[in-house]
Amino acid sequence: MTWALIRGVLSGTIMYGVPLLYATLGEVIGQRAGMVNLGLEGILLIGASIGFAVSIETGNPWIGVAAAAIAGALFNLVYAFLVVNRRANQLASGLAVMFLGMGVSAMIGRAYVGGGSKGLVRYQIPGISAFPWATKTMFSYDLLVYFAVPVAVLVWWILFRTRWGLSLRAVGESPSAAFAAGRRISLLKYQSALMCGLLGGIAGAHLSVALARTWSEGMSGGRGFIAVALVIFSKWHPLRAIVGAMLFGGAVTLQLQLQAQGSSISPFLLNMIPYVLTLGVLLVWGGARRFAAPGALGRVYSGEE
Amino acid sequence: MSKLLKGVARIARKGWAVAAARYAMILAIALVAYAIVLLLAGKDPIKACVDTFSFTLGTRYGFSEVIVRMVPLLLTAVAVAIPSRLGLINVGGEGQLYMGAWLATWGAITFTGLPQAIFVPLLIVLGFLGGGVWAAIAGFFRARGLVNETITTLLMNYIAPLIVGLSVYGAWRSREPGSSAFPQSVAFPDAARLPRFFDTRVHLGIILALVVLFVFWFVMERTKWGLKMRAIGGNPEAARRLGIRLGLYIVIVMFIAGGIAGLAGMAEVSALHGRLRAGFSPGYGFIGFLISWLSGGSPAGILTMSFVLAVVFSGGSLLQITQGVPFAAINVLMALILFVVLIKPRLPRRKS
Amino acid sequence: MSSSHDMRTATQQFDTESPAPLVSLRGITKRFPNVIANDSVDLDLFPGEVHALLGENGAGKSTLMKILYGFYSADSGTIAVDGEEAHIGSPLDARKLRIGMVFQTFTLIPAMTVAENITLYLPDLPAVLDNRRIAEQIDEFGKQYHLDVDPRLPVRDIAIGDQQKVEVLKLLVGRARVLIFDEATRVLAPHEIEGLFRIFERLKEDGYAIVFITHKLREVLACADRITVMKRGRIAGTLIRSEATEEGLVALMFGDAMPREIRQTAGERKTDGAPLLELRNVTTRAEGEGTRLDDISLEIRPGEIVGVAGVSGNGQRELGDIILGLIACARGRRLLQGVDATSWIAGRIRASGVGFVPEDPLGMGVVPWMTVAQNAALGSVETYARHGGLSLDWNHVQRDIGTSFEELSFEALNPWVQVRTLSGGQLQRAVLARELGRRPKLLVASYPTRELDVRSAMAARRVLATLRDSGGGVLLVSEDLDELFSLSDRLIVLHQGRIVGTFLPHEIDRHKIGHLMTGSGGTNE
């Protein structure tokens, strides 16, 4: 195990894991309200394309991130409208948002394909530079990375320590009980969809603005669906999502690093890893987790909603 | 005059007229939205429409192209419609299509010496198997209560093209001059190509598709298996208690559905391209999904919608050539259609 | 216990000695698509008394209170609270007026803790939750009214009787003054019912107004101070306790049309032959929130009805399911008519002559959007399949439906209507006709008369008795002890997945059974 390998795995884990974490947190909030959003992939793409485009046009990557967050939130309102107002099938509604996101992001991003940006400013963890083996660029990440875990803790606190969070969870467990307790179910669902879209937009923006620093069509590559699987893996709990996202990022990265460092395995096989891994996660934990899911979600998976 | 109105009113009350009106309205809304999208992209929607219609319905070649396009749409739509009767959502048409094409390609370039009379049935079987097994995996996991088939099939959609890419860039790679630009498999022997008709590209696939459509209708509406399948879709708990074997039906239905989508893939590579290319499908699987949803899974609706969308699609390729609209715009159109279906617009109805 | 109420007569509306009504309903009317649920109903609720709302299923009592609670809105009529007209558009409005309701099916969230469930319910919650203060309040009320539950437990881990206490605590901590109980005793064993009435007494003393909705005469006579009888959406009469007699109340509930229950025929009954069902030391694995069956040994002989008593959730559903083959035996053996059927799947068991009447016919027994005929065909598809399955003989289906309905003396139904348009009673009859038309040897009937009007309930019981009389066997699961005692030839009691007692009906009384049902030793609480 060389030093280069460790460094590579660490930074790869962060690169893969952080946007995944934001996306997963967004989906956790949505699913805690009883809504499975397969359109997260579309939201990621919208966030990535708009984030990149705006950051190029305004010259300020943070404005790009903000624009991506807002765009993601608005986009998810489409999903919320279909599911809440029209009582449409959740899985199909998610797919509609997914298509829309794929199409609109491709159209927006067309002018920016291949372009580059300087990305978000990176800050090194204070004190690292004191170590003799530290280079100038090591352990140096942008603010969104540093905020990732605090945001996860914030999401946990909101869900479990506030009135809004309790109401939201009630809606996801049993809408009839929530209604009997006087909660406005539609409003809560819309609010949760907004937050899901917001976090998804940020995740997408991080991908294009900070990490890849470019745009290409479909660049989220299925991370939206992986996030849906991670929600199940982390038993719908924001703090466990941190572990899930990092573990997943680490596993993918480790494989990639090992192969890249000297084997001739076809890139096609490598590209399959995230999906196969996701399937694996779902298979191993999906069955057992069924009973840990928010009560109202069961109806979604059995096709009643 | 009043007799005419009475006649119109009587027709208007009939179920099929309502359904037809509903389709027309949905399409109208979607097309208007698409026109707006085109306008925003700086294209002339009216010219695009006129171009499309005059080509597809006005010329012999155009019409034959529509028939050709209908084949994968019909098949992938049925591949979604059958499981939907059981309450299953199969979004994996795309992946099943690729795996059908993949397995058929393997057969075509491995058994090169066979005569066409043997090749064609072999390809049909292989195409069916490839897609069928791919979908049955998802069905199996659903039957065991592990993962919802929507997510599984969606994920497997990403894996299948990679498998195809692996083979096309690897063992099956064509070494012909000029192919390094567009990686593709070695060519199929002529005997492995589906027969064509009328000097056009219309091929055996359309017959397959129509047969599949008819069998779908017949089995669902008339046979005992169809009744049981619809019972599963209507109330799986009651079906279980009545002794219907849910798990078995789920796996078998997914296998059949995947097989049908696999046939679409096989038909495309065998009849049209004559070789396997990475990414040869412009999203047929997803469009089939839309068609099935748009028509509520009814065979007549699927036939109609496939035709209409084949017209639009032929226009689509034309659009790309003549007007430079990115294919991603079709994604938007698909989203809009799905959106309109899900909104369930209410038609003005008479009190009956 | 307190018995110091003034004697009030119902004819005096405003007695100067008694307090003014807390809640007044005037002219409440509510229509649903097929029925008038409430027809110009007037009602007064006074503090410090238990007001029983009595009537058979479907009389409109539940609807009336749901209107008061804001769950429904009345088509016309007024509601006054403390003398002032009130507009109650939602449960939130009702709770602000300090009106609370405990529903038949609890509105608790199983995955959340007792404390969270109560917290959810409180009006005027701060944005950031103060969990400690709420825990203190739960403690206080719990001690004062004997409603002790551990607030940190998730609701799904506590017994149903305790869950009901949580429902009451919700209302009390939420400062309700009017407490409405809808069929509260359905899930309770007899001694628990007495415990509930004692809680009522304590609450009464402190001035709470309690409304007790029920269809059970005996309970009303045991706990009510004032009784209002409803029949078909209208008030049939209001009495105070001292004026009420069993016959008088029955007369008000049914008028002159009280149907007479057909008595059990103790005559010719074929009871020989191998047992129709034998379960030998059967144990199952628990699925998620289900109950694990533990070492069950049971026999059902031809010509007998075995009644299963137990608090809901103690394995009744699993017992029925294992007979039907929907659950596998992890250990033990299952024999049908002497043949080892342990490895048989549900379809094979059904084909061998086992039928079922599920506890929720619409949700578990039929396909709602399919017609009566299609559902009947599904009952035995192979019988009606022709040409190897390529077509179905719908004429045969229709004939069989007709025959079955005739044999059971049911009113004919149009077989081409969708099953979801049928009323509860019609649906149950359709299911019974389908199942009995197959001439089953064994029938698993789960709560077959729950929520049925009296006439339909009696018809269902008659059908079961007839099946038994002709040599069939029935497993009857019911929460209605009266029904169990009157129909069963043998009774078993289930508690936490085990059979804790087997009796002949005359050998045991309701109290002893109640204690077995709840696993308590038989001493008074």
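This is a predicted model: local features need pLDDT of at least 70, side-chain atom pairs count only at pLDDT 80 or more; totals for chains, interfaces and linings use all residues.
**Getting to know the sheet and the chain contacts**

Four bridges join β16(C) to strand β19 (residues 442-446) of chain C, and the two run parallel.

Me: Which are the edge strands of the open sheet in chain C?
Reply: Let's walk across the sheet. Its six strands come in the order β16-β19-β20-β13-β21-β22 (chain C), with mixed pairing. An edge strand pairs on one side only, and that points to β16 (354-357) and β22 (498-503) of chain C.

Me: What does the twist average from one strand to the next?
Reply: Picture the six strands of the open sheet in chain C. Going from one strand to the next, the twist averages 20 degrees.

Me: At about what angle does helix α18 of chain C run to β21(C)?
Reply: Two helices are worth a look here. Helix α16 (residues 454-469) of chain C lies across β13 (304-309), β19 and β20 (473-477) of chain C, at about 145 degrees to β20(C). Helix α18 (residues 510-518) of chain C lies across β13, β21 (490-495) and β22 of chain C, and its angle to β21(C) is about 35 degrees.

Me: How far apart do the C-alpha centres of domain 1 and domain 3 of chain C lie?
Reply: First, the pieces: the domain assignment of chain C gives domain 1 (21-98 + 214-255), domain 2 (273-353 + 440-525) and domain 3 (371-439). Between the C-alpha centres of domain 1 and domain 3 of chain C, the distance is 39 Å.

Me: How many nonpolar residues are on the side of chain A that touches chain B?
Reply: Here 35 residues of chain A are in contact with 33 residues of chain B. On chain A, the elements giving two or more residues to that side are α4 (90-109), α9 (223-233) and α11 (267-289). The residues of this side of chain A include nine polar and three charged, while the nonpolar ones number 23.

Me: Which element gives the most to the side of chain B that touches chain C?
Reply: In this pairing, 17 residues of chain B are in contact with 27 residues of chain C. The chain B side divides into six nonpolar, four polar and seven charged residues. Two or more residues come from each of α9 (224-234) and α10 (236-241) of chain B. With six residues, the one that gives the most is α9(B).

Definitions and conventions. Residues are numbered from 1 along each chain as its sequence is written. Chains are lettered from A and ligands numbered from 1 in the order in which they are written. Two residues are in contact if their C-beta atoms, placed from the backbone, lie within 7 Å. Ala, Val, Leu, Ile, Met, Phe, Trp, Tyr, Cys and Pro count as nonpolar, Asp, Glu, Lys and Arg as charged, and the others, Gly among them, as polar. Two strands pair if DSSP finds at least two bridges between them. Axes are lines fitted to C-alpha atoms, for helices over the stretch in contact, and angles run from 0 to 180 degrees between N-to-C directions. Domain bounds come from an automatic or database domain assignment.
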